[in-house]
Amino acid sequence: MQKETGRQARQRGNPLTRGRKFSADELQLTLLWFLRDAPAHGYQLIKGLSELSQGYYSPSPGVVYPALTQLQERGLAEVEQQGKRKSYRISPAGLDYLQTHHERVALLIATLRHAAKKMQWLTLSGESEAQASAATGWLPEFIQARRALRTALLAGDDADHTQQRRMAEILQRAATDILSVSGNPDFIRGEDHHDQ
């Protein structure tokens, strides 16, 4: 896989940026995640991505079909012609690949679900935080704490190395505690993907 440019890395840091949401490899992993339960046509996969993310991520056929072709060429998916349509299903090698990358896939799916909730919150909270909370399950104080953390990190952006090390220790402890409270203590350790 090609190394990301600085611009791509900055875009990857925020799940709500414009442009490409996932790299080609990430899209392929996500497609395999959808195919793990049942075969699907390309259109069904596009619809599934859109529904999962509540419209945040709806890749075009011009992106999805080449990704499916690459999965087939890599032996990770198999294709069956059904009339004019092709139905794709995950291969045994694809299942192994998905299992090998299960933490990465979990993060990609969590990112899509988070983006969907964030879009819902932003849409509804202007009128009523109670309505936004009911729709997303996010408490207003949870949102305020996330904003406070983001603000604190921005304020510490010019910290010297000693201060950065201290902040890193605090953040690592907080991350461990949050994962423990969330019931996902083994969820993606050390990844710096999407929500900086």
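Predicted model: local features only at pLDDT ≥ 70, side-chain atom pairs only at ≥ 80, totals over all residues.
Trainee: Hey, which residues does L31 touch, leaving out those up to four places away in sequence?
Mentor: L31 touches L45, L49, V64, A67, L68 and L71 on that basis. Contact here means heavy atoms within 4.5 Å.
Trainee: OK, how many residues are in the largest nonpolar core?
Mentor: That core has 30 residues, and L31 and L68 have the most contacts inside it. A nonpolar core is a set of buried Ala, Val, Leu, Ile, Met, Phe, Trp, Tyr and Cys residues joined through side-chain atoms within 4.5 Å. Buried means under 20% relative accessible area, exposed over 50%, and partly exposed in between, with a 1.4 Å probe and protein chains only.
Trainee: Which elements give two or more residues to this core?
Mentor: They are α2 (24-35), α3 (42-52), α4 (61-73), β3 (85-90), α5 (92-100) and α6 (102-125). Helices (H or I, at least four residues) and strands (E, at least two) are DSSP runs numbered from the N terminus.
Trainee: And which one gives the most?
Mentor: α2, with seven residues.
Trainee: Switching to charges: how many salt bridges are there?
Mentor: The count is six, taking a salt bridge as a side-chain nitrogen of Lys or Arg within 4 Å of a carboxyl oxygen of Asp or Glu.
Trainee: What does R74 pair with?
Mentor: R74 bridges to D25, with the closest N and O atoms 3.9 Å apart. R74 sits in the loop between α4 and β2 (77-82) and D25 in helix α2, so the pair ties together parts 49 residues apart in sequence.
Trainee: Is D25 buried or exposed?
Mentor: Buried, at 15% relative accessibility, whereas R74 is partly exposed at 41%.
Trainee: What about E51, who's its partner?
Mentor: E51 pairs with K47, the closest N and O atoms being 4.0 Å apart. Both lie in helix α3, four residues apart, about one turn of the helix. E51 counts as exposed at 53% relative accessibility, and K47 as partly exposed at 42%.
Trainee: Which residues end up in one network through shared partners?
Mentor: D25, R74 and R104 are joined that way by salt bridges.

Terms used. Residues numbered from 1 in each chain as written. Heavy atoms only, no water.
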